[in-house]
Amino acid sequence: MAVAATTCSFSSLASAYTSRYSSISSHRRHLSTFSCRSAPKAISRSNKGASSSPNKPPKQFGGGSGEDEKRRTQSSPFKSFGAQSQRKDKKGVSFDLKEQQQVETGNLQDGTFLNAVVKVYCTHTAPDYSLPWQKQRQYTSTGSAFIIGDGKLLTNAHCVEHATQVKVKRRGDDTKYVAKVLARGIECDIALLSVESEEFWKGTEPLNFGRLPRLQDAVTVVGYPLGGDTISVTKGVVSRIEVTSYAHGSSDLLGIQIDAAINPGNSGGPAFNDQGECIGVAFQVFRSEDVENIGYVIPTTVVSHFLDDYERNGKYTGFPCLGVLLQKLENPALRSCLKVQSNEGVLVRRVEPTSDANNVLKEGDVIVSFDGVHVGCEGTVPFRSTERIAFRYLISQKFTGDVVEVGIIRAGAFMKVQVVLDPRVHLVPYHIEGGQPSYLIISGLVFTPLSEPLIEEECEDTIGLKLLTKARYSLARFKGEQIVILSQVLANEVNIGYENMSNQQVLKFNGTWIKNIHHLAHLIDSCKDKYLVFEFEDNYLAVLEREAAAAASPCILKDYGIPSERSSDLLKPYMDSLGDNRSINQDFGDIPVSNLEIGSDGLLWA
């Protein structure tokens, strides 16, 4: 008999790897997104998502038992920012930047706008990345959301990740209504919900979004955190506004740091100013023995970018990036060597092959302006009246497909180039599109693409240093490229001798370089040779007799209770976007692909 226990778990922004594998700062290791999670105590179930690394902090928030919510690593472009004009968009979200009648903070709980805050109940069923043909055991969590108008609500993306059922309940009501997830912004950790029931919307009023606050402005966080069923209100002030690492996604976007308490269950709830305007969405905290009272709010400028993206495209398309690795130019001798006369600019150290910048920018170029805004030698640009902010802030204001003008100095000559901004292509993705990983089973050999969730689930020791190094330091050479690995071997007499093989990258099939798992499936399906020859890292070979392998596959699937030899996406016809047999053997060196803050190494992915 299972006894229900409520545990509050959260996904860590910090690196999922120890310091020998990654240079991600200790600051990131303590950022956490919060949702209040309820899970049954399984009699004998191990948690595959739990990490065994002694360097990772525990992810449970209380004494209850339950599965820990998976941690997420970060790295990517950051988010949009800028003053919003007063308007009401097609989605019914009103951005009122005029000062309204001030609400006494002492009577904030009496404000009618609190009725727009609702409680979210979500049932999650996450994929099993180690056994990709099945799902993990479902669990439930609670969070917060708020009404923005036109039958829509906003919450955090991590509150509805892998959702199979979402319900919402209004303040003072005892009825839960089924909600639908319209869009999830992974990078910005925002999700858009809708409720079809007309009864839910009776008497509701949407929240008004306010302008970006100033330092020391009062802020009130509202939601349904751990500790009770009714609405909760905590107060504080704005402590800092800067480009912040977002725990759920692989991105660095504009964030508001506050000292008001944010607890498990607060995720997705609004933060108000003294005028009763929503200035952002609560979503994560900084947990460390050395600090206290550090919470983070997604500003309304980031929210408006998400909503505009959804309105433009009918779906969420993500935040674009420039696709270059930059180095700051503080040293006068370095600037002189590069023929940069003034104290400005950042050095291009590497350009991603999949980005449009690869067509116009070169290593050694110095970027001195972005759409007419001068870039400082520390990689910062002017922000508001007397502040400066990371250069990535400018990129995060743009949308996918936007064309920007970049001013560069090349060999001492100034020029301007046009660059198309697109979302970054990750060789090892942080999130799986569609939610379910791809897999291919050939005579018991289980192939799947390498991904960050798989690395988390398998843990570092079983993945191996070589694959971890590639995950950290390799770049995709073309769109659609994947690192395909042999995840495990389902023992059978046809694959005798290979049973202990696991987590090894397969490089070639019958002499042909493998581009992705769909390409591997196509090569095997079209093979007429007597043998199936797989070449792995370190020159290891695995050979199967083709007809014997085909005959044994149905029995292996039946013995292990697997419904299909391949995922549904591999049933579609294979389209070769390259049209050649180019080698995709990766070269990886000493340049990290992580989207780190500019630190002592002076490197930054834009």
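**View 1. Val 543 lies in strand S32, which covers residues 541-545.** Strands (E, at least two residues) and helices (H or I, at least four) are DSSP runs, numbered from the N terminus. This is a predicted model, in which local features need pLDDT of at least 70, side-chain atom pairs count only at pLDDT 80 or more, and totals for chains, interfaces and linings use all residues. Residues are numbered from 1 along each chain as its sequence is written, and side-chain values use heavy atoms, with hydrogens and water left out. Val 543 has a relative accessible area of 34%, so Val 543 is partly exposed (buried means under 20%, exposed over 50%, partly exposed in between; 1.4 Å probe, protein chains only).

**View 2. Asn 273 sits in the loop between strand S15 (270-272) and strand S16 (278-286).** Its relative accessibility is 11%, so Asn 273 counts as buried. A polar atom of the Asn 273 side chain lies 3.0 Å from the backbone nitrogen of Gln 275. For the backbone nitrogen of Glu 277, the distance to a polar atom of the Asn 273 side chain is 2.9 Å. Leaving aside residues up to four places away in sequence, Asn 273 touches Ala 218 and Ile 279 (contact means heavy atoms within 4.5 Å).

**View 3. Helix H2 runs over residues 300-313.** Of its 14 residues, 11 are buried, so H2 is largely enclosed by the rest of the structure. Among the buried residues are Val 302, His 305, Phe 306 and Tyr 310. Just after H2, Gly 314 takes a positive phi of about 75°.

Terms used. A polar contact is a pair of N or O atoms within 3.5 Å; within protein, one must be able to donate a hydrogen and the other to accept it, and residues adjacent in sequence count only if both atoms are side-chain atoms. The expected span of a helix is 1.5 Å times one less than its number of residues.
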